[in-house]
Amino acid sequence: MAAAPRQREPSDAYDLLIIGGGINGTGIARDAAGRGLSVLLAERGDLAGFTSSSSTKLIHGGLRYLEYYEFRLVREALAERERLLRLAPHVIWPLRFVLPHDEGLRPAWMLRLGLFLYDHLARLRTLPGSHGVDLRSSAYGAPLQRRLTRGFVYSDCWVEDSRLVVLNAMDARERGATVMTRTGVVSARREGDGWVATLRDERGGTERTVHAKAVVNAAGPWVSETLGGTLGINSRAAVRLIKGSHIVVKRLFAGDQAYILQQPDRRIIFAIPYERDFTLIGTTDVPYEGEPGPVSISESETDYLCGCINRSFDTTITPADVVWSYSGVRPLYDDAAENASAVTRDYVLDVEDQGGAAAVLSVFGGKITTYRRLAEHALEKLKPYFPHLGKSWTGDAVLPGGAMKDADFDQFLAKLRAETPFLPEETARRLARAYGTRARDIVGTAQSLADLGEAFDGGLTAAEVDYLRTEEWAVTADDILWRRSKLGLRTGAESAARLAAYLDRRAEAA
């Protein structure tokens with residue numbers, strides 16, 4: 001087992017108080033801690049508890065954003081796609097996408113032009129470029145209806161979204177940040193040249209007061225509520241809430257490729273290989289009002305996604321085939337677009353201060369692909385308040401577990417399997433994908449499966465659970481089964497109950 005994580009002991013004074021433990025909050029915490037700031041990140045629930053675990057799980061440039069002339073966003077996202085692939089090769093990997101040409105929708109010349117731009121807006125070309133494909137003779141066309149005869153193939157990347165959040169939080173902690181989950185910021189006020197905030201332990205109900213020179217409001221869908229309610233500031237920017245839902249069904253097609261399917265309403269839907277035995281389908285874009293979370297898929301959204309598959313695939317699916325679904329609310333910057341799908345995915349960073357001090361920076365919008373650049377831009381905006389702020393550094397620093405030679409995951413996996421011959425092949429691969437080089441911290445000196453302790457469904461063991469508790473802030477069974485992993489898809493009720501009981505015993509003993 002690894003040594004206890006290095007984290008500053010909670011104090012009452014920080015340079016930066018960050019509200020929100022999603023991808024933007026943890027990304028900013030990591031960057032700021034690495035530049036020498038004392039950082040406290042407070043998340044009222046679990047890391048990636050809402051929006052950041054509810055994405056389509058892609059690191060991509062956003063091919064469809066070209067239709068809305070968002071060239072800067074696409075260029076930045078494509079550059080980040082290449083960079084993140086090197087920095088976290090265990091949780092991010094390349095994926096080939098098949099885009100069928102559908103008569104009556106976007107013409108083939110438009111698709112070809114879009115992919116040409118997509119290829120050439122990327123300054124680095126480590127991923128294969130796009131090309132046309134005859135779906136009648138290619139294996140890519142085998143799962144599709146015979147009316148779809150031609151298409152295109154291009155590259156993007158997959159990401160384990162909630163794990164990416166946790167890795168950023170871990171690295172922030174290892175660079176000195178204090179990360180507190182299940183801790184809400186119930187109120188904050190300006191006092192002198194800084195902020196005084198009241199934090200509440202959401203489990204025990206105890207409260208404490210902390211001071212910070214500046215605040216980052218990275219509360220996601222709650223950004224406006226936090227700005228106006230918790231911080232008492234009238235927002236100059238507006239957030240537009242859009243609900244996106246996904247469904248998971250048993251695997252629909254062979255191969256490692258994903259599909260991007262055009263729809264008559266001009267939306268696109270992805271069908272992506274998922275967790276070896278499943279297919280992930282999404283996403284919807286539905287205007288949303290009300291409390292941002294937790295949210296769930298509606299019947300109409302499920303019907304819509306099933307219908308999208310049934311338009312293009314030979315296999316027909318119905319709502320009865322859905323084995324799991326998830327939904328999240330995205331806090332997009334309100335640019336007054338009429339169509340929810342056309343609302344910009346770019347981010348806006350709004351800074352408000354009082355006499356040049358006690359600043360609050362609020363994050364509106366953004367996408368998981370560009371979180372690292374968003375963090376850099378956030379620190380640039382905060383530099384006037386921290387004149388001794390260090391230089392940017394995250395562009396070349398691997399995330400925890402990502403220090404693999406040549407960023408070669410397959411080579412690392414082969415080495416891990418040789419070191420742990422007692423692990424089932426699928427378990428070894430899962431551990432390598434989830435934890436990278438830190439999988440060794442879980443296995444430790446074990447020489448057999450029995451040495452890893454109590455066994456749960458899906459290859460989960462007590463050794464892994466203990467690691468997640470001590471190193472990754474996992475508290476509940478859901479934290480482990482649905483955010484630190486997706487073992488919930490393979491875990492029965494009895495095993496889930498045993499896991500919850502085990503966590504309770506460990507918490508009582510702590």
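A: Here is a walk through the salt bridges, pair by pair.

First, some housekeeping: this is a predicted model, where local features need pLDDT of at least 70 and side-chain atom pairs count only at pLDDT 80 or more, while totals for chains, interfaces and linings use all residues. Residues are numbered from 1 along each chain as its sequence is written, and side-chain values use heavy atoms, with hydrogens and water left out.

A salt bridge here is a side-chain nitrogen of Lys or Arg within 4 Å of a carboxyl oxygen of Asp or Glu. The structure holds 46 of them, so let's pick out a few.

Start with Arg146 and Asp314, whose closest N and O atoms are 3.1 Å apart. Arg146 is in the loop between strand 5 (131-134) and strand 6 (150-159), and Asp314 is in the loop between helix 6 (299-312) and strand 16 (322-333), so this pair ties together parts that are 168 residues apart in sequence. (Helices, H or I with at least four residues, and strands, E with at least two, are DSSP runs numbered from the N terminus.) Arg146 is exposed, at 53% relative accessible area, and Asp314 counts as partly exposed at 45%. For those words, buried means under 20% relative accessible area, exposed means over 50%, and partly exposed is in between, using a 1.4 Å probe and protein chains only.

Now look at Arg267 and Asp285, which meet in a salt bridge at 2.7 Å, N to O. Arg267 sits in the loop between strand 12 (258-262) and strand 13 (268-274), and Asp285 in the loop between strand 14 (278-282) and strand 15 (286-287), so the pair joins parts 18 residues apart in sequence. Arg267 is buried, with a relative accessible area of 10%, and Asp285 is buried too, at 11%.

Asp479 and Arg483 both lie in helix 12 (residues 477-484), four residues apart, which is about one turn of the helix. Their closest N and O atoms are 2.6 Å apart. Asp479 counts as buried at 0% relative accessibility, and Arg483 is also buried, at 16%.
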